[in-house]
Amino acid sequence: MTLDAETSATITGYRPQNPPPEWEQIAGHVRMLVAASADRSPYRVERLLTATSRLARVVSPLRPAG
């Protein structure tokens, strides 16, 4: 799979508007998952990044219980 330069730049430069404290630990996983699925999804890469980062935050073992 090869992503076009614009999509690749969007993925590698992504950072949520209000990144959670654990962002640095989950960022690579979020970007990897979106890069692997971007060409198979009907959704824009920005939407995939947002949804994936939200999901990663919810399931992250680094998230405090509460």
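First, a caveat. The model is predicted. Keep that in mind throughout.

Start with the overall layout. The chain has three helices and zero strands. Along the sequence, the pattern reads α-α-α. There are 66 residues in the chain, and 30% of them count as buried. Now the contacts. Take those between residues at least 6 apart in sequence: 55% of them join residues at least 24 apart.

Which residues of helix 2 are buried? The list is Trp 23, Ile 26, Ala 27, Val 30, Val 34 and Ala 35. Look at the spacing of those numbers on your screen. An α-helix has 3.6 residues a turn, so residues three or four places apart point the same way. And what do the buried residues of helix 2 pack against? They pack against helix 1, residues 5-12, and against helix 3.

Let's take the contact with helix 3. Helix 2 covers residues 23-37, and helix 3 covers residues 45-59. Their axes are 9 Å apart, at an angle of about 135°. That angle makes helix 2 oblique to helix 3. The crossing is right-handed. From helix 2, the contact uses Trp 23, Ile 26, Val 30, Leu 33 and Val 34. From helix 3 come Val 45, Leu 48, Leu 49, Thr 52, Ser 53, Ala 56 and Arg 57. By class, that contact has nine nonpolar residues, two polar and one charged. Trp 23, Ile 26, Val 30 and Val 34 are among the buried residues of helix 2, and these four also take part in the contact with helix 3.

Now helix 1 against helix 3. Their axes come within 10 Å and cross at roughly 25°. Angles under 35 degrees count as roughly parallel. Helix 1 and helix 3 are therefore roughly parallel to each other. This crossing, too, is right-handed. Which residues meet here? Helix 1 brings Thr 7, Thr 10 and Ile 11. Helix 3 brings Val 45, Glu 46 and Leu 49. The classes in this contact are three nonpolar, two polar and one charged.

One last point, on helix 3. Val 45 and Leu 49 meet helix 1, and Val 45 and Leu 49 also contact helix 2.

Technical notes: Residues are numbered from 1 along each chain as its sequence is written. This is a predicted model: local features need pLDDT of at least 70, side-chain atom pairs count only at pLDDT 80 or more; totals for chains, interfaces and linings use all residues. Side-chain values use heavy atoms; hydrogens and water are left out. Axes are lines fitted to C-alpha atoms, for helices over the stretch in contact, and angles run from 0 to 180 degrees between N-to-C directions. Helices (H or I, at least four residues) and strands (E, at least two) are DSSP runs, numbered from the N terminus. Angles under 35 degrees count as roughly parallel, over 145 as roughly antiparallel, 65 to 115 as roughly perpendicular and the rest as oblique. A crossing is left-handed if the near helix is turned anticlockwise from the far one by less than a right angle, and right-handed if clockwise. Contact means heavy atoms within 4.5 Å. Ala, Val, Leu, Ile, Met, Phe, Trp, Tyr, Cys and Pro count as nonpolar, Asp, Glu, Lys and Arg as charged, and the others, Gly among them, as polar. Buried means under 20% relative accessible area, exposed over 50%, partly exposed in between (1.4 Å probe, protein chains only).
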